[in-house]
Amino acid sequence: RPLAVLEKRLKPLEAHARSQAEFKDLCYLLTCKNVQDGIASWEGVSAERELLAEHFQTVLDLDDRAGDARTENKAGNGAVATGSLSVGAAISAPPPSVAVRPTAASSMRRVPERRLLSLLRQSYAYQVEFSPFHPRAHAARERESAMAVSSLLDDYQCPMLPNSLRATLWGHSADVKAIAYIGREGTYAASGGSDNTVRIWDCRDGGRLHATLEGHTARVWSVSAGPSGRLLVSSGGEGAVRLWTSGEGGTSESPRAGRGLSGSGPDFRCAHDLGDRRHGAVYSAAVSDSERACVTGGYDRKVRVFDLAAGCAVSTLSGHESAVTSATFNQAGNLVISGSKDCKVRFWDVRSGLCIKALSSPLIGEVSCIALAGNGLSLVVCSRNNANRLWDMRMAKALVTFKGHHNTHANFVRARFGPKDETVLGGSEDGCVYLWGAQSGAVLHRLRGHEGVVYDTDWSERASQLASCSHDGTVRLWMWEPDASYDCVD
């Protein structure tokens, strides 16, 4: 057993040792028969306890002498001089305007247990309450759940929830099925609809149509863009999976590649058609963060991984018993997650092509969308049973249920993570965009304005802007406005 501990747990930590001999000494201590073999100066339990008590008393004496020295150095106005201060004396120090000589009892006052943690929670609650970009309804609800401080080096910044319509973008001649921001800046967005086109929108100022990408011969079910903003993938009902590139990556001679409407901005051209019409409709397409691969899922119940540089499929993953409605990569690009109408979510190893895990639960209905958090630890699963759920990737356990919206068998309604992954955004058949607290599951806000089913949403962290698309044929942009109200639902 000691050898197993050394090989599996301690050996990987050898690089962090303070000295080269530290790991060897630890190995010897784990394998020696008794304490005397490892520590030659060991004199027994009682003797070692006495040495520890003497050392502790020395520390207390040094603290007392520091307190006496500070008292002698006080000025006439009672101000405390700079220097070495004990923790107890620092807490009980009187105001500078009062010259009071502290007693022995007050200078030795003990720090309450978990005092630092209490002060940290007070500071967090104060910043949440008075943050300028935080709705009071959100703060009140989130105070009921566990609050997590990600770093002590920076002040907490509350997520900004959009509460006001900024722009309504017209251009599609039919319902709009998918929306995605292009790149991290959030300057441009792409949408796909039942008019067989992909449209590029300039989201600055009031928003405007930037370009129209043509080539699909059936409705566009999904669009996905790479983080660089130079690559876009769209999938359609005819089985096509089109790779669009901006700049040098595209080929201008592609059929009906695009009709630009403005002189500046990305100029996308069709570089490859990755799909096969024999496979049927492709409902989902997602680009990896490295922009080297793309994963698709569709009517033929297969999940396919494509090499974007070569423009061909490199892996076909079989296992779902019904149409695959959503597929995505993890951040590293070595794991594919897919959801299907068979009420299962599967996890695939990209290199081996094997299904390494499957979520199959009565809680999961027909899956319409899956979305992975930025840290890769949480997964949102949208089901056609009027419930979206947050799952823990490590424990394969449902943590939170998001309700209030409408998502039945009639439509593909999707949900994504919102600001800082602390909120979840999703569409609904009632024409509203819903915003839930990721930890509490409470509805924080409903955005009203669409006149039909809201199919998809996307959030841009840098632009602090939400985009939504609907059956009414519009793309709408939402921002935070200090004077706008919030529509919270219990």
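The model is predicted.

**A four-stranded sheet**

An open sheet is formed by four strands, arranged in the order β6-β7-β8-β10, and their pairing is antiparallel. The edges are taken by β6, residues 220-225, and β10, residues 268-273, each of which has a single partner strand, so one side of each is left without a neighbour in the sheet. On average, and with direction ignored, neighbouring strands of this sheet are turned by 25° against each other. In general, the strands of a sheet pair through backbone hydrogen bonds, in either a parallel or an antiparallel manner.

**Two hairpins**

Strand β17, residues 344-349, pairs with strand β18, residues 355-360, in the antiparallel sense over five bridges, and the bridge partner of Phe347 in β18 is Lys357. Five residues lie between the strands of this hairpin, where Gly353 takes a positive phi near 75°. Strand β21, residues 387-392, is likewise joined by five bridges to strand β22, residues 397-402, and these strands run antiparallel. Here Asp392 has Lys397 as its bridge partner in β22, and the hairpin has four residues between its strands, with Ala396 at a positive phi near 50°.

| Strand | Partner strand | Bridges |
|---|---|---|
| β17, residues 344-349 | β18, residues 355-360 | five |
| β21, residues 387-392 | β22, residues 397-402 | five |

**Positive phi in two loops**

Most residues other than glycine have a negative phi. Arg114, although it is not a glycine, has a positive phi of about 55°, and this residue is found in the loop between α6, residues 104-107, and α7, residues 115-130. Arg114 counts as exposed because its relative accessibility is 63%, which lies over the cut-off of 50%. Asp205 is not a glycine either, yet has a positive phi of about 55°, and its place is in the loop between β4, residues 198-202, and β5, residues 208-213. With a relative accessibility of 62%, Asp205 therefore counts as exposed.

**The largest pocket**

How much space lies in the largest pocket? The volume is about 1400 Å³. The lining of this pocket is made of 46 residues, of which Ala225, Asp289, Leu372, Asp458 and Trp459 are the closest to its centre. By residue class, the lining divides into 20 nonpolar, 16 polar and ten charged residues.

**Cysteines without disulfides**

The structure holds zero disulfides. Cys369 is in no disulfide, and the nearest cysteine sulfur, which belongs to Cys382, is 4.6 Å away, whereas a disulfide would need the two sulfur atoms to be within 2.5 Å. Are Cys369 and Cys270 buried or exposed? Cys369 counts as buried because its relative accessibility is 1%, and Cys270 is buried as well, with a relative accessible area of 5%.

Key: Residues numbered from 1 in each chain as written. Predicted model: local features only at pLDDT ≥ 70, side-chain atom pairs only at ≥ 80, totals over all residues. Heavy atoms only, no water. Pairing = 2+ DSSP bridges. Axes fitted to C-alpha atoms, helices over the stretch in contact; angles between N-to-C directions. 1 Å grid on protein atoms, 1.4 Å probe; cavity = no way out; pocket = protein on both sides within 12 Å on 5 of 7 lines; lining within 4 Å. Points joined across faces, edges and corners; volume = space filled by probe spheres on them. Nonpolar A, V, L, I, M, F, W, Y, C, P; charged D, E, K, R; others polar. Buried < 20%, exposed > 50% of the residue type's maximum accessible area, 1.4 Å probe, protein only.
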